[in-house]
Amino acid sequence: LSVAVSGTVSYDATHESRGELDQFYYGSLFMSFGPHLFLALLEGTVNAFVLALVALGLSLVFGVMRIVNIAHGEFFMLGAVLAWSCSVLVGGVPLMGFIVALVISPILVGGFAVAADKLILRRIGYQPESTIVATIGLLYIIQQLVLTFYGPDARPVEPPVYFRVVFPWFGYSGYKLVVACLSGLLLVGTWLAMSKTKLGLYMRATQQDQEMAQAFGVPVRRIYATVFALGAGLSAVAGVLVVPIQQAHYLMGLDPLLLSFIVVIIGGLGSLQGTMVAAFIVGISDGVVSVFFSPTLAKIVATLLVAMVLVLRPGGLFGKEDS
Amino acid sequence: VSRRSAGKVFVLHMGMLALLFVAQFLLPAYHHTNLARIMVLATYAIGYNVLLGYTGLMSLGHAMFFAAGMYGAGLPIYYLQFGALQGFCLGVLLSLVVSTAFGLIALRTSGVSFLIVTMMFAQACYLAILNFNKVTLGDQGFILSKSLEFVALGPVRLVLSDPTVKYNLALLLFAGSFLLSVVLAGSPTGRVLIAVRENEERTRLLGYNTFKYKLLSLAISGGISGAAGASYALLFSYVGASFASILYSIYPLLWTLLGGTGTTMGPMIGTGLMFYLVDFASGLTSSYLLVVGAVLVMLILWSPQGIMGAIRTRWLPWLP
């Protein structure tokens, strides 16, 4: 593979025209099956990394708190919208806005999640079905507030770095590879935090047996708030990463939510390893079917896949049978 | 229902139906149409309440049953010139098939997994409607003929777009499903469903096949929802993908919760209140769905029993 990095493309090229360029490369009718499949796998892998990030957040929240957060996708959307806001407020070089967004949006969204935990979830005692209803409410509140203040338009954000990785058959957006690398780093970071730090130990203890953890002096309440914020933060960061590829829009949260559900069910509710493996199965197959057929069909196929898994193993592929 | 309260229950429910019948002579045209719409949507909520209120299974995917009824009725009428009554029957049949088939798969899971599965399947149906837009006409949907007749017996022709016919057919649909839910709630089968809601393990230990009862409940619930969907298509002459979207799975949950889960009158009251609240909010702002979110959160925080549930606890313990 000849990899050429062309960082010299002028920044005055608009996002849209770059999109057309990509279209030209990707849609090239002369591409034969092999390269086409390679492209699909590449797209799928990038998808899978982002999906893994979002699903990890959902899975952590389910694993430790035993609740399903329907508003999880809205945290993703908030991350994307905040990234757009940062790019406008900071101005200048896109990289600056991107870095600011990477730092600020998980903090803001995490803070919002802590408030929601304190004001709503804690008061209903994390009862599973009430929590689902409450988070559906939260979904509409967040979504409609964003519609009020941000508007109904989809808005693009400049990629922070722009270079093309040129394969013999097509050029590929280098930023997408950066997204995959950053997501990978965050996944490894979260895994290290879970397995090596005291906070991670507390989280795992709470996950295994909440009452016993409390008896051993684990501040369970604070752990709940932290986990909810962490889950929201991971989702928001994924939103920040994705927004230069996919524009920021107030309805963009639903797709990642449903895909993460698929991932979490296939992986087994609450199993982090299962979530990771399933994210790659779902992300890559979604990418491949999307490129060869249509994204809509890909989602339908993924859902039917879940039906199969549920029929064969109600607890998910990696979950415990009793879940 | 004890013997003493049976009379009160009868009077109350018949009174509600009589009130709805009389209302058509008193209401101005705008509210007349609204109430017809509310009665059809309340039927949907009644279907939802059978599953949530009386069996304790929460679904986030009822839009697929509503849409099954709607498309099951709408497509044959649109493409094959079926009559309204035939279309209605096909719609109900399709929703029964969909809900039973779905139940056979989804009821293998329980609790939170069941919820997620309902939501995903409904989304898959929604996407399928969009994906096959050559037939379903996707997001745009299609309009049914305004001159569609419900029955035509010699000189008696009941045209569905006539407001009086519309109102009374909506009332007929509502009354049918309303009485079905009242009878079901008091029947031995209904008692078992309530037992499943209260404690499934114990019900199983008593020798009931709880899977069968849950499947039955899901089929009844899906069938009533489908009847509502089919009627909506027939009475308001429009079939579109938006009725299969996730919002239409959330709406019956909201209506039922607001009115009171596990109460027979709750769905109607919740639907009516919410319909006017959303109607009012949409006149003020384009972000009117904010009220949906706000009401859901407030209900869960302060009044999880809903309106009729609260009335039952405080004043009228005999309410079914």
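# Notebook: a predicted two-chain model

I began with chain A, and among its contacts (heavy atoms within 4.5 Å) between residues at least 6 apart in sequence, I noted that 78% join residues at least 24 apart. I keep in mind that this is a predicted model, in which local features need pLDDT of at least 70 and side-chain atom pairs count only at pLDDT 80 or more, while totals for chains, interfaces and linings use all residues. Residues are numbered from 1 along each chain as its sequence is written, chains are lettered from A and ligands numbered from 1 in the order in which they are written, and side-chain values use heavy atoms, with hydrogens and water left out.

**Chain A, overall**

I looked up the secondary structure of chain A and found 12 helices and two strands, where helices (H or I, at least four residues) and strands (E, at least two) are DSSP runs, numbered from the N terminus. Read from the N terminus, the elements run α-α-α-α-α-β-β-α-α-α-α-α-α-α. Of the 323 residues in chain A, 53% are buried; buried means under 20% relative accessible area, exposed means over 50%, and partly exposed lies in between, with a 1.4 Å probe and protein chains only.

**Helices H2 and H10 of chain A**

I next looked at how helix H2 (residues 33-65) and helix H10 (residues 254-267) of chain A meet, and found that they pack at an angle of about 70° with their axes 9 Å apart. The axes are lines fitted to C-alpha atoms, for helices over the stretch in contact, and angles run from 0 to 180 degrees between N-to-C directions. The angle makes H2(A) roughly perpendicular to H10(A), a label that covers 65 to 115 degrees, whereas under 35 counts as roughly parallel, over 145 as roughly antiparallel and the rest as oblique.

On the side of H2(A), I listed A:Leu51, A:Val54, A:Ala55, A:Leu58 and A:Ser59 as making the contact, and on the side of H10(A), A:Pro256, A:Leu259, A:Ser260, A:Phe261, A:Val263 and A:Val264. Sorted by class, this contact has nine nonpolar, two polar and no charged residues; Ala, Val, Leu, Ile, Met, Phe, Trp, Tyr, Cys and Pro count as nonpolar, Asp, Glu, Lys and Arg as charged, and the others, Gly among them, as polar.

**A residue of helix H6 in chain A**

I then turned to A:Thr190, which is in helix H6 of chain A and is buried, with a relative accessible area of 11%. Leaving aside neighbours within four places in sequence, I found A:Thr190 in contact with A:Leu56, A:Leu60 and A:Leu234.

**Salt bridges**

I counted a salt bridge wherever a side-chain nitrogen of Lys or Arg is within 4 Å of a carboxyl oxygen of Asp or Glu, and over all chains the count comes to seven.

One of them joins A:Lys176 to A:Glu43, with the closest N and O atoms 2.9 Å apart. A:Lys176 lies in helix H6 (residues 174-196) of chain A and A:Glu43 in helix H2 of chain A, so the pair ties together parts that are 133 residues apart in sequence. I noted that A:Lys176 counts as buried, at 10% relative accessibility.

Another joins A:Asp117 to A:Arg122, with the closest N and O atoms 3.7 Å apart; A:Asp117 is buried at 0% relative accessible area, while A:Arg122 is partly exposed at 25%.

B:Glu201 is exposed at 51% relative accessible area, whereas B:Arg204 is partly exposed at 41%. Salt bridges that share partners join B:Glu200, B:Glu201, B:Arg204 and B:Lys214 into one network.

**Other entries for chain B**

I looked up B:Tyr276 in helix H12 (residues 266-284) of chain B, and found it partly exposed, with a relative accessible area of 30%. Not counting residues up to four places away in sequence, B:Tyr276 touches B:His31, B:Asn34 and B:Ile38.

Lastly I checked phi, bearing in mind that most residues other than glycine have a negative phi. B:Gln81, although not a glycine, has a positive phi of about 55°; B:Gln81 sits in the loop between helix H3 (63-80) and helix H4 (84-106) of chain B, and is exposed at 62% relative accessible area. B:Leu137 also has a positive phi, near 60°, and its place is in the loop between helix H6 (133-136) and strand S1 (142-143) of chain B.
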